[in-house]
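Visitor: Hey, can you walk me through this one?

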Amino acid sequence: MVPVRLTGPRLAVREYHHTEEEVDALHALFGDPEVTRHLPFGPSGREDCADQIELYLEEAMAEERDTYRLAVTRIADAEEPGDATPIGQAALTLDGHGAADLGCVLARGSWGRGYAGETVGLLGDFAFGTLGLHRLTARTAAANPAPGRVLTRLGFRPEGRPRSDGSDTYLFTLLAEEWPGPAARVEGG
């Protein structure tokens with residue numbers, strides 16, 4: 001496994017650690033009904049979160065990795081980003097054809113600070129740069145317009161509402177040639 005470590009001005013995105021602190025942080029995120037309100041699953045128990053981190057680490061060890069579920073941390077929270085407590089989760093799920101689904105979930109206390117935009121920016125750099133992908137997709141809940149604004153500011157284009165997935169979501173896409181890159185990113189989100 002080659003560990004993923006992405007660093008922005010205020011945030012770091014890294015692999016999870018299977019520690020009590022990381023399980024507690026994931027449970028604080030996915031156990032919060034307000035955070036999961038617009039996700040395709042309800043609040044998770046602590047034991048489920050421990051199992052999830054174990055799965056994330058197994059996925060990271062895959063010979064041909066196709067799933068990246070990563071911890072989002074604030075750089076200012078520790079001298080070393082690997083020691084900072086996660087405040088969110090970033091995800092890329094590759095489809096095997098040069099594209100990936102992107103996701104980002106942040107703890108309620110982190111909303112409205114521009115962290116979503118920075119996280120998606122780091123994932124975009126990783127996807128289009130390191131992984132050499134040509135397309136990213138992201139889905140947002142129709143009832144939650146804030147993520148769509150973040151995606152739009154970063155160059156994603158709305159493609160409509162998928163009719164076949166049984167959820168009320170919007171689909172956004174971005175091609176590699178449309179990616180503004182790290183220098184062109186805007187604050188916000």
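Visitor: What classes of residue line the largest pocket?

Guide: The lining has 22 nonpolar, 16 polar and seven charged residues (Ala, Val, Leu, Ile, Met, Phe, Trp, Tyr, Cys and Pro count as nonpolar, Asp, Glu, Lys and Arg as charged, others as polar). The model is predicted, with local features needing pLDDT of at least 70, side-chain pairs 80 or more, and totals using all residues. Numbering starts from 1 in each chain, and side-chain values use heavy atoms, without hydrogens or water.

Visitor: How much space is in that pocket?

Guide: About 1400 Å³, as filled by probe spheres on joined grid points. A pocket is an open set of points on a 1 Å grid, with protein on both sides within 12 Å along at least five of seven lines, and lining atoms lie within 4 Å of a point.

Visitor: Which residues are closest to its centre?

Guide: Of the 45 lining residues, Leu39, Gly103, Cys104, Val105 and Arg139 are closest.

Visitor: Which elements give two or more residues to the lining?

Guide: Among them are helix H4 (115-130), strand S5 (99-106) and strand S6 (135-141). Helices are DSSP runs of at least four residues, strands at least two.

Visitor: New topic: how does H1 pass H3?

Guide: In a right-handed crossing, meaning the near helix is turned clockwise from the far one by less than a right angle.

Technical notes
1 Å grid on protein atoms, 1.4 Å probe; cavity = no way out; pocket = protein on both sides within 12 Å on 5 of 7 lines; lining within 4 Å.
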